[in-house]
Amino acid sequence: MLERFFIEHCSPTLAGLKTANLFNYTMERPCDLDAQIQEWNQQLNHRGVFLTILDRHADRALIYVYRKSRLQADLQQEGTAEFLSPLQYDCSNVEACLKRLRERIAQTHSFPHEIGLFLSYPLADVIGFIENGGQNYRCAGCWKVYCDKCAAEKLFAKFRKCKQVYTRLFHSGRSITQLTIAA
């Protein structure tokens with residue numbers, strides 16, 4: 001059942017075009033989710049893709065699908081550690097950052113603004129969103145863009161195309177593992 005969500009929400013990550021994606025998942029059997037996540041990690045980790053649960057309530061879970069090596073590189077980008085450090089993130093350790101992100105989600109009961117950095121949004125756009133309270137953006141797609149509109153629009157188009165291709169390939173019989181590009 002998770003496969004449909006991978007295609008719908010995570011095609012750019014599976015294709016290696018994006019660091020991570022995120023989706024809410026309503027579970028038919030909440031007790032089985034940890035086993036499902038473990039099984040998917042066994043299938044996808046060798047290709048560089050990892051799954052983790054960021055938040056869980058009753059029958060719903062917030063699932064984060066990411067490429068660990070890309071996330072580590074994103075956390076090392078100029079300005080990112082300086083932005084995240086006051087929020088008590090240790091950008092030298094992916095697992096510690098994900099643990100802190102889980103804590104921040106639990107504290108705020110919503111998405112903390114820095115989550116964009118974990119989804120490969122440009123730092124300038126995350127800062128622009130915060131400074132503008134989500135208003136005055138130049139365009140919107142996967143995120144609200146405050147800086148490089150042209151580059152973002154090209155990227156959004158690439159993500160849409162990826163989803164279309166992956167949906168078609170999945171419906172023609174390709175498995176999630178076959179569609180996951182090895183890192």
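Predicted model: local features only at pLDDT ≥ 70, side-chain atom pairs only at ≥ 80, totals over all residues.
Me: Where is Asn-21 placed?
Reply: Asn-21 belongs to strand β1, which covers residues 20-26.

Me: Is Asn-21 buried or exposed, and why?
Reply: Asn-21 is buried, because its relative accessibility is 10% and the cut-off for buried is under 20%.

Me: What about β1 as a whole, is it buried or enclosed to what extent, and why?
Reply: Of the seven residues of β1, five are buried, so the strand is largely enclosed by the rest of the structure.

Me: Which residues does Asn-21 touch?
Reply: Leaving out residues up to four places away in sequence, Asn-21 touches His-9, Cys-10, Pro-12, Thr-13, Ile-63, Tyr-64, Val-65 and Leu-119.

Me: What lies 3.0 Å from a polar atom of the Asn-21 side chain?
Reply: That is the backbone oxygen of His-9. His-9 is also among the residues that Asn-21 touches.

Me: Which residue is the bridge partner of Asn-21 in β3?
Reply: The partner is Val-65. For Ala-20, the bridge partner in β3 is Tyr-66.

Me: How many bridges join β1 and β3?
Reply: There are seven bridges, and the two strands pair in the antiparallel sense. Strand β3 spans residues 60-67.

Me: Now the sheet. What is the order of its strands?
Reply: The order is β1-β3-β2 in an open sheet of three strands, with antiparallel pairing. The edge strands are β1 and β2, the latter being residues 49-57, and each of them pairs on one side only. On average, neighbouring strands of this sheet are turned by 20 degrees against each other, direction ignored.

Me: Which helix packs on the sheet, and which strands does it touch?
Reply: Helix α1 packs there, touching β1, β2 and β3, and its direction makes about 165 degrees with that of β1. Helix α5, residues 94-108, lies across β2 and β3 and runs at about 20 degrees to β2.

Me: How many residues of β3 are buried?
Reply: Seven of its eight residues are buried, so β3 is largely enclosed by the rest of the structure.

Me: How do β2 and β3 pair?
Reply: They pair in the antiparallel sense over eight bridges. Arg-56 has Ala-61 as its bridge partner in β3, and Asp-55 stands opposite Leu-62.

Me: What about the hairpin of β2 and β3, how many residues are between the strands?
Reply: Two residues are between them, and Ala-58 in this hairpin takes a positive phi near 50 degrees.

Me: Changing topic: how do α1 and α8 cross?
Reply: The axes of α1 (residues 2-14) and α8 (residues 149-171) come within 8 Å and cross at roughly 135 degrees. That angle makes α1 oblique to α8. The crossing is right-handed.

Me: Which residues meet there?
Reply: From α1 they are Glu-3, Ile-7, Glu-8, Ser-11, Pro-12 and Leu-14. In α8 they meet Phe-159, Cys-162, Lys-163, Tyr-166, Thr-167 and Phe-170. Pro-12 is also among the residues touched by Asn-21.

Technical notes. Residues numbered from 1 in each chain as written. Heavy atoms only, no water. Helix = DSSP H or I, 4+ residues; strand = E, 2+ residues; numbered from the N terminus. Buried < 20%, exposed > 50% of the residue type's maximum accessible area, 1.4 Å probe, protein only. Polar contact = N/O pair within 3.5 Å; in protein donor to acceptor, adjacent residues only side chain to side chain. Contact = heavy atoms within 4.5 Å. Pairing = 2+ DSSP bridges. Axes fitted to C-alpha atoms, helices over the stretch in contact; angles between N-to-C directions. Parallel < 35°, antiparallel > 145°, perpendicular 65-115°, else oblique. Left-handed = near helix turned anticlockwise from the far one by under 90°.
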